[in-house]
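Please look over the sequence and the 3D structure shown below. A short briefing follows, grouped by topic.

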Amino acid sequence: MAEEINNAGNADLENITTKVMDEKPEEKTEDKKYGGVPQKPDASTLPVDEDGIRQYVNKDMLIGDIITWYPDAALVLMKCGMHCVSCGVSQFESLDQACAVHGLYTDDVAKVVNDYLTQTIGTEEE
């Protein structure tokens, strides 16, 4: 019985390898900072839509990152009904996921936030 416990599942102990870990591709570091947290995008590199609204926020950004980079966005998100800006989950939840939870359309929320940020931040950058 003890022998069965030591070799549960009859694993081939001589052929265990770390090949998958050894072949892990290197991560790009130009868009990361210490700890793997993405850096705030440079406003001059952000796309501008047909209405002249700079795309500061997109659906894949984490709510926590949005609030860290653009604190005024919290007011807009709360007016849209997303009071999750103070929730701990916001550090791990994307804008798209948060909108789904709150029954909102991600594109509409992103457009409102981006419009507000373009009007406030955009004037400071010029």
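In which helix is Asp108 found? Asp108 is found in helix H6, which covers residues 106-125. The model is a predicted one: local features need pLDDT of at least 70, side-chain atom pairs count only at pLDDT 80 or more, and totals for chains, interfaces and linings use all residues. Residues are numbered from 1 along each chain as its sequence is written, and side-chain values use heavy atoms, with hydrogens and water left out.

**Overall build**

- The chain has 6 helices and 0 strands; helices (H or I, at least four residues) and strands (E, at least two) are DSSP runs, numbered from the N terminus.
- Read from the N terminus on, the elements run α-α-α-α-α-α.
- Of the 126 residues of the chain, 29% count as buried; buried means under 20% relative accessible area, exposed over 50%, and partly exposed in between (1.4 Å probe, protein chains only).

**Salt bridges**

- There are 2 salt bridges in the structure, a salt bridge being a side-chain nitrogen of Lys or Arg within 4 Å of a carboxyl oxygen of Asp or Glu.
- In one of them, the side chains of Lys111 and Asp49 meet at 3.5 Å, N to O. This pair links distant parts of the chain, with Lys111 in helix H6 and Asp49 in the loop between H2 and H3, 62 residues apart.
- Lys111 also meets Asp51 in a salt bridge, at 2.7 Å from N to O. Here too distant parts of the chain are linked: Lys111 is in helix H6 and Asp51 in the loop between H2 and H3, 60 residues apart.
- Is Asp49 buried or partly exposed? Its relative accessibility is 19%, so Asp49 counts as buried, whereas Lys111, at 36%, counts as partly exposed.

**Aromatic pair**

- The structure holds 1 aromatic pair. The rings of Tyr56 and Tyr70 have their centres 5.5 Å apart and their planes at 75 degrees, so the pair is edge-to-face.
- Rings of Phe, Tyr and Trp (its six-membered ring) pair if their centres lie within 6.5 Å; planes under 30 degrees apart count as stacked, over 60 as edge-to-face and the rest as tilted.
- Tyr56 lies in the loop between helix H2 (19-22) and helix H3 (63-69), and Tyr70 in the loop between H3 and helix H4 (73-79), so the pair ties together parts that are 14 residues apart in sequence.
- Tyr56 and Tyr70 are both buried.

**Charge on the surface**

- Which residues gather in a patch of negative charge on the surface? They are Asp60, Asp96, Asp107 and Asp108.
- Patches are made of residues with over 30% relative accessible area and no salt bridge, and like charges are joined within 9 Å. Asp and Glu count as negative, and the place of a charge is taken as CG of Asp or CD of Glu. Accessible areas come from the Shrake-Rupley method with a 1.4 Å probe.
- Asp108 has a relative accessible area of 48% and is partly exposed.

**Residues apart in sequence**

- Cys80, in the loop between H4 and helix H5 (95-102), is partly exposed, with a relative accessible area of 25%. Cys80 and Val109 are 29 residues apart in sequence and 7.1 Å apart in space, C-alpha to C-alpha.
- Lys59, in the loop between H2 and H3, counts as partly exposed at 42% relative accessibility. From Lys59 to Val109 there are 50 residues in sequence and 9.2 Å in space, C-alpha to C-alpha.
- Gln39 lies in the loop between H2 and H3 and is partly exposed, with a relative accessible area of 40%. Gln39 and Trp69 are 30 residues apart in sequence and 8.8 Å apart in space, C-alpha to C-alpha.

Note on methods:
Patch = residues over 30% accessible without salt bridge, like charges linked within 9 Å, V, L, I, M, F, W, Y side chains within 5 Å.
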